[in-house]
There are 2 protein chains.
Amino acid sequence: MQNLQNEEKKYYLELYPIQHLFSFDIMSLVEVHHFERGEWIIKEGNFPQYLYFLIEGKAKVYMTQENGKVALISFAQPNAFIGELELLDEEYYSKGVQTMTTTICLALPILKCKEELLSDVVFLRYLCTFLGNKTSLMTAQFSKSLAYPLENRLAEFIVLSAHNNIYKEKHTEVCDYLGVSYRHLLYVLAQFCEQGLLEKRGRSYTITNMSELKKRAITTSV
Amino acid sequence: MQNLQNEEKKYYLELYPIQHLFSFDIMSLVEVHHFERGEWIIKEGNFPQYLYFLIEGKAKVYMTQENGKVALISFAQPNAFIGELELLDEEYYSKGVQTMTTTICLALPILKCKEELLSDVVFLRYLCTFLGNKTSLMTAQFSKSLAYPLENRLAEFIVLSAHNNIYKEKHTEVCDYLGVSYRHLLYVLAQFCEQGLLEKRGRSYTITNMSELKKRAITTSV
DNA sequence: ACCTAAATATGAGATATCTCACATTATTTT
DNA sequence: AAAATAATGTGAGATATCTCATATTTAGGT
């Protein structure tokens with residue numbers, strides 16, 4: 001991690017102004033943190049020193065289960081808070097957050113800001129909205145995971161994550177995310193190929209029948 | 001639903017004071033709603049008129065999937081908000097909320113209060129904490145549902161919901177909640193009996209080996 | 001360029017879980 | 001009390017998914 005200074009810091013603060021999320025002056029406190037791909041923004045179980053606001057890049061949120069399985073819970077994208085649950089609850093067990101690309105976060109030192117943040121209407125209102133969406137997404141994801149077999153959940157995932165009809169995610173990541181074994185993921189992908197929905201080209205898959213793929217996907221309005 | 005008045009209303013307002021959750025005067029606006037067992041506090045897909053705060057009773061939160069399966073998402077217990085996501089997001093698709101017992105809710109008319117609520121530091125701070133816990137629980141539940149077979153999830157559920165070593169939940173409800181078929185739920189219960197963890201007595205089950213049952217349960221610290 | 005760890009691939013056999021059909025109680029409603 | 005509805009129980013066969021073993025390929029580090 002790099003704590004950016006001077007010119008670089010100024011650059012990001014001007015490109016992504018966040019003063020409007022707060023009613024007190026944040027500029028004297030905010031830091032800009034730069035993470036390389038693969039770095040951990042928060043290590044699982046470690047209480048973070050900062051409340052982060054992700055502005056560039058993408059990160060994975062992980063949790064290790066007692067049985068050793070690693071669950072990939074969600075992806076943090078621009079405009080997501082990281083560490084907000086820890087800000088609200090000192091007892092919270094932190095999930096691991098690992099960057100997937102170079103990532104830039106605005107960082108507010110919790111020690112210095114906590115009281116002010118938790119008394120700030122503007123910030124709290126924004127945080128409520130963020131948490132509401134998070135809950136809502138989580139709930140949808142949860143109920144889907146129970147109600148549908150992989151065939152449907154994978155179809156949805158492919159539709160959502162493909163670019164230009166090309167699906168190219170890492171299998172290892174996807175099976176953690178969808179909570180199935182690597183083996184089974186490949187079975188279902190192979191099945192999609194057999195059925196003419198996808199076509200395998202080297203390491204990636206081309207969508208050859210989008211409409212049918214969408215039919216299999218879950219379309220619950222959320 | 002009954003909108004309680006006078007003595008009855010006064011009774012509940014004095015028994016469960018909530019003025020401390022707000023920094024403006026709530027007493028002139030708050031209503032006390034009484035629901036019979038089985039009534040819907042919110043019908044799925046219908047935007048509610050009130051923000052509710054459950055003070056007595058218990059309710060189930062449901063969502064119907066496109067494939068017709070009904071997912072029992074969570075249980076609302078005393079001190080839970082109901083309708084808070086709708087307060088934050090007008091586009092939110094409401095989950096169904098049905099009471100399991102006679103239930104008393106404090107009810108704030110959204111139309112009249114929304115602006116004031118969303119500008120109230122005390123309320124927002126409380127709501128953030130509530131939403132944070134909700135997210136956190138949902139996340140835990142989600143990742144467990146992916147990482148563990150029914151054997152473990154059911155063991156946990158039994159340990160949590162048994163009273164005096166007696167487990168007595170409705171199978172139909174439990175299988176919606178755990179996202180498995182009725183058939184399979186009974187298989188695993190029968191298995192627990194065979195293995196001496198439970199003993200079936202009429203319609204209920206007595207826990208005969210709590211320590212072993214706890215071993216099967218998921219103990220992830222949350 | 002070489003080594004190593006991670007990611008991809010595939011087969012075979014075992015389990016977990018589902019669907020459907022059907023019978024038997026409870027619980028509500030009329 | 002009869003009828004209707006919801007909840008319980010069980011069998012049999014089909015799928016979905018997992019575990020493990022093992023081989024190959026790719027990407028990162030020195």
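Author: Helices and strands are here runs assigned by DSSP, a helix (H or I) having at least four residues and a strand (E) at least two, and they are numbered from the N terminus. What you see is a predicted model, in which local features need pLDDT of at least 70 and side-chain atom pairs count only at pLDDT 80 or more, while totals for chains, interfaces and linings use all residues. Residues are numbered from 1 along each chain as its sequence is written, chains are lettered from A and ligands numbered from 1 in the order in which they are written, and side-chain values use heavy atoms, with hydrogens and water left out.

In chain B, H6 covers residues 171-178 and is mostly covered, since six of its eight residues are buried (buried means under 20% relative accessible area, exposed over 50%, and partly exposed in between, with a 1.4 Å probe and protein chains only). The buried residues of H6(B) are His171(B), Glu173(B), Val174(B), Cys175(B), Tyr177(B) and Leu178(B), and the helix is followed by Gly179(B), which has a positive phi near 70°. In chain A, six of the eight residues of H6(A) are likewise buried, namely His171(A), Glu173(A), Val174(A), Cys175(A), Tyr177(A) and Leu178(A). Just after H6(A) comes Gly179(A), with a positive phi of about 70°.

Over all chains the search finds 28 aromatic pairs (rings of Phe, Tyr and Trp, the last by its six-membered ring, pair if their centres lie within 6.5 Å, and planes under 30 degrees apart count as stacked, over 60 as edge-to-face and the rest as tilted). One of them is the tilted pair of Trp40(A) and Tyr62(A), with 6.1 Å from centre to centre and 50° between the planes. Trp40(A) belongs to strand E3 and Tyr62(A) to strand E5 of chain A, so this pair ties together parts that are 22 residues apart in sequence. Trp40(A) is partly exposed at 38% relative accessibility, whereas Tyr62(A) is buried at 11%.

The contact (heavy atoms within 4.5 Å) takes 44 residues from chain A and 44 residues from chain B. Between chain A and chain B there are two salt bridges (a side-chain nitrogen of Lys or Arg within 4 Å of a carboxyl oxygen of Asp or Glu), and Arg125(A) forms a salt bridge with Glu115(B), the closest N and O atoms being 3.9 Å apart. On the side of chain A that touches chain B, the elements giving two or more residues are strand E6, helix H2, helix H4 and helix H6 of chain A. The largest share of that side, 21 residues, comes from H4(A).
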